[in-house]
Amino acid sequence: MRLSSILSFVGFALLFAATYCPLLRVFHVTSWNIYKLNQPYGLVLLLVAVVGIIVSFLNQAKIMRVAAWLSVVLVVLLLVAAIMKVNSAFSFIPFKGINKFLTSQLKFQWGWYVMFAGPVLALIGALSSKPKVFIPTATDTTAVN
């Protein structure tokens, strides 16, 4: 395996592990991973990570690049959705003070660092892989038929 494939493998393995890391702490009682936030979305991220791991072993640079970009986009969308969900979770309460207090009780956890580190490493590895270039051998032009 090339260094770029190993880097992509580590990135996709981190993404796989990040789906089980805590992402939100709810009221200082429990922590939620991606499956408690949005299970179908978590399964899609898990599928992208598994595909990325497989293609990094098979050394398929184009599919690895697509999987890396897809994982980056999905993680960014997940962060945007989580921020919007946290900010609007208690918007039904008419009292702004209570709304602000309850919203402040939802905290982001360390799992986001792992969630972003995986796709970034996979993308660096996928973009650093050099395409195979065919270099023809020099033919002897002095020989006469």
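1. Helix 1 has 16 residues, which at 1.5 Å a residue should span 22 Å; its end C-alpha atoms are 22 Å apart, so the two agree. The expected span is 1.5 Å times one less than the number of residues. Helices (H or I, at least four residues) and strands (E, at least two) are DSSP runs, numbered from the N terminus. This is a predicted model: local features need pLDDT of at least 70, side-chain atom pairs count only at pLDDT 80 or more, and totals for chains, interfaces and linings use all residues. Residues are numbered from 1 along each chain as its sequence is written, and side-chain values use heavy atoms, with hydrogens and water left out.

2. Which residues of helix 1 are buried? They are Ser4, Ser5, Ser8, Gly11, Phe12, Leu15 and Ala18. These cover an arc of only 150 degrees around the axis, which puts them on the same side of helix 1. The arc is taken from the directions from the helix axis to the C-beta atoms. An α-helix has 3.6 residues a turn, so residues three or four places apart point the same way. Helix 3, helix 4 and helix 6 are included in what covers the buried residues of helix 1. Buried means under 20% relative accessible area, exposed over 50%, partly exposed in between (1.4 Å probe, protein chains only).

3. The overall layout comes next. The protein chain has six helices and three strands, in the order α-β-β-α-α-α-α-β-α from the N terminus. Of its 145 residues, 37% are buried. Among contacts (heavy atoms within 4.5 Å) between residues at least 6 apart in sequence, 73% join residues at least 24 apart.

4. The largest nonpolar core has 17 residues; Leu15, Leu23, Ile34, Leu45, Leu78, Trp112 and Met115 touch the most other members. Helix 1 (3-18), helix 2, helix 3 (39-58), helix 4 (61-88) and helix 6 (111-128) each give two or more residues to this core. Another core, of ten residues, lies apart from it and includes Phe12, Val55, Ala68 and Ala126. Such a core is a set of buried Ala, Val, Leu, Ile, Met, Phe, Trp, Tyr and Cys residues joined through side-chain atoms within 4.5 Å.

5. Leucine 45 deserves a look. Not counting residues up to four places away in sequence, leucine 45 touches Leu15, Thr19, Ile34, Ser71, Leu74, Val75, Leu78 and Met115.

6. The structure holds six aromatic pairs. In one, phenylalanine 27 and phenylalanine 90 are tilted, 6.0 Å centre to centre with 55 degrees between the planes. Phenylalanine 27 lies in the loop between strand 1 (24-26) and strand 2 (30-32) and phenylalanine 90 in the loop between helix 4 and helix 5 (96-104), so the pair ties together parts 63 residues apart in sequence. Rings of Phe, Tyr and Trp (its six-membered ring) pair if their centres lie within 6.5 Å; planes under 30 degrees apart count as stacked, over 60 as edge-to-face and the rest as tilted. Phe16, Tyr20 and Tyr35 form one aromatic cluster.

7. Is phenylalanine 90 buried or exposed? At 14% relative accessibility, phenylalanine 90 counts as buried. Phenylalanine 27 is partly exposed, at 35%.

8. Backbone check. Phenylalanine 27 has a positive phi of about 55 degrees although it is not a glycine. Asparagine 59 likewise has a positive phi, of about 60 degrees. Asparagine 59 sits in the loop between helix 3 and helix 4 and is partly exposed at 28% relative accessibility. Most residues other than glycine have a negative phi.
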